[in-house]
Amino acid sequence: MLVARVTLSGDKKAFDQLTRKYQSSIRRFFLNLTMGDGQLSDDLAQETFIRAYMNLNSFQGISGFSTWLFRIAYNIFYDSVRSRKVTQEINESEINLLYQQEHGYSSEKADIQEAMKILRPEERTAVLLFYMEDKTHPEIAKIMQCPLGTVKTYILKGKEKMGKYLKNAGYEYAGR
Amino acid sequence: MQVMNTQDDKILKQFFQENKKEIPDTFFSRKVMQKIPERRKYEWLIILLAGLGSLISFVFGKFEIIRPNITIPDITITVERGIFIYILAGIILIPFITLFFYFFKTDKKRLNF
């Protein structure tokens with residue numbers, strides 16, 4: 001309903017409501033992708049909402065608005081990585097080294113930013129979308145614009161790495 | 001292997017849900033709204049230009065249909081008529097060029113979603 005109001009009449013108040021509704025999840029997504037860089041996350045989130053407003057005519061409602069918004073966010077993040085090189089991307093060898101040092105985790109408490117570092121960028125994105133933002137596999141495939149099988153592989157690999165990391169960091173499952 | 005996967009799955013679900021924090025708005029949406037450009041005004045300008053171009057084309061086109069009947073063909077008039085046709089062709093192209101850029105721009109922005 002809100003989306004239709006913005007699309008049909010350019011209703012800014014309706015878009016303001018949409019922004020309030022989704023700002024938390026989009027900013028959180030960026031915050032985790034940028035390893036906790038709050039300022040950069042907010043800049044990227046602002047860009048996401050502005051681009052969404054400018055492109056609302058192209059939203060056809062096939063997928064949910066949230067999925068569409070995350071796809072814009074994903075594109076903006078990787079455009080930013082490619083053009084500005086602002087994030088501290090860890091290269092493959094560093095990731096592998098970190099991953100191989102299974103007993104080297106010194107922190108007593110598992111920290112989400114540290115946990116994110118052991119994943120490759122694609123794995124990180126897929127894992128965040130699946131476990132934190134509760135997106136389904138097909139939705140993640142649309143957001144990341146890659147085949148469903150690839151998404152499943154990213155999540156599986158990410159899950160294995162993070163599972164080991166968390167266990168080594170002393171994190172325990174509370175339920176049964 | 002399957003058991004381990006399920007265990008990892010549970011651990012990860014719990015870990016991420018524990019770390020899932022709601023971020024308060026604190027003027028974020030206001031900043032976004034201040035930066036949003038006037039999208040609609042620009043679109044109306046394009047449609048207005050396309051309409052204006054179409055109207056001019058129609059008026060001049062109609063005149064051109066009548067004109068050959070009232071003109072006595074000689075060398076001087078033929079040259080004038082030639083220039084007139086070029087001008088007319090240019091005017092007729094206005095709505096098409098405007099619409100082309102409008103749709104080209106829209107297509108470029110489209111996210112196919």
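Here are some notes on this predicted two-chain model, for you to read beside the structure.

1. **Ground rules.** Residues are numbered from 1 along each chain as its sequence is written, and chains are lettered from A, with ligands numbered from 1, in the order in which they are written. As this is a predicted model, local features need pLDDT of at least 70 and side-chain atom pairs count only at pLDDT 80 or more, while totals for chains, interfaces and linings use all residues.

2. **Confidence.** The model scores ipTM 0.73 and pTM 0.66. Within chain B, helix 2 (residues 28–35) has the highest confidence, at 91, and helix 4 (residues 75–109) the lowest, at a mean of 66. Please look with care at residues 108–113 of chain B, where pLDDT stays under 50. For that stretch the model has 14 contacts beyond four places in sequence; two residues are in contact if their C-beta atoms, placed from the backbone, lie within 7 Å.

3. **Chain A overall.** Chain A has 9 helices and 0 strands. Here helices (H or I, at least four residues) and strands (E, at least two) are DSSP runs, numbered from the N terminus. Of its 176 residues, 38% count as buried. The cut-offs are 20 or more other C-beta atoms within 10 Å for buried, 12 or fewer for exposed, and anything in between for partly exposed, with C-beta atoms placed from the backbone. Taking contacts in chain A between residues at least 6 apart in sequence, 62% join residues at least 24 apart.

4. **Chain B overall.** Buried residues make up 8% of its 113 residues.

5. **The interface.** How many residues of each chain take part in the contact between A and B? There are 36 residues of chain A in contact with 28 residues of chain B. On the chain A side, the elements giving two or more residues are helix 2 (12–33), helix 3 (38–54), helix 4 (65–84), helix 7 and helix 9 (148–168). Helix 2 of chain A gives the most, with 8 residues. By class, the side of chain A that touches chain B has 16 nonpolar, 11 polar and 9 charged residues. In this scheme Ala, Val, Leu, Ile, Met, Phe, Trp, Tyr, Cys and Pro count as nonpolar, Asp, Glu, Lys and Arg as charged, and the others, Gly among them, as polar.

6. **A buried aspartate.** B:Asp8 is found in helix 1 (residues 2–18) of chain B. B:Asp8 counts as buried because 21 other C-beta atoms lie within 10 Å. Leaving out residues up to four places away in sequence, B:Asp8 touches A:Lys159, A:Glu160 and A:Gly163.

7. **Helices 7 and 8 of chain A.** The axes of helix 7 (residues 121–132) and helix 8 (residues 137–144) of chain A come within 10 Å and cross at roughly 140°. Axes are lines fitted to C-alpha atoms, for helices over the stretch in contact, and angles run from 0 to 180 degrees between N-to-C directions. The two helices are therefore oblique to each other; angles under 35 degrees count as roughly parallel, over 145 as roughly antiparallel, 65 to 115 as roughly perpendicular and the rest as oblique. A:Thr125, A:Ala126, A:Leu129 and A:Phe130 of helix 7 make the contact with A:Ile140, A:Ile143 and A:Met144 of helix 8. That contact has 6 nonpolar, 1 polar and no charged residues.

8. **Helices 8 and 9 of chain A.** The axes of helix 8 and helix 9 of chain A come within 9 Å and cross at roughly 105°, and these helices are therefore roughly perpendicular to each other. Among the residues in this contact are A:Ile140 and A:Met144 of helix 8 and A:Leu148 and A:Val151 of helix 9. The buried residues of helix 8 include A:Ile140 and A:Met144 too.

9. **Positive phi.** Most residues other than glycine have a negative phi. A:Asp134, in the loop between helix 7 and helix 8 of chain A, has a positive phi of about 55° and is partly exposed, with 14 other C-beta atoms within 10 Å. B:Phe27, in the loop between helix 1 and helix 2 of chain B, has phi near 70° and counts as exposed, with 9 C-beta neighbours inside 10 Å.

Key
pLDDT = per-residue confidence, 0-100.
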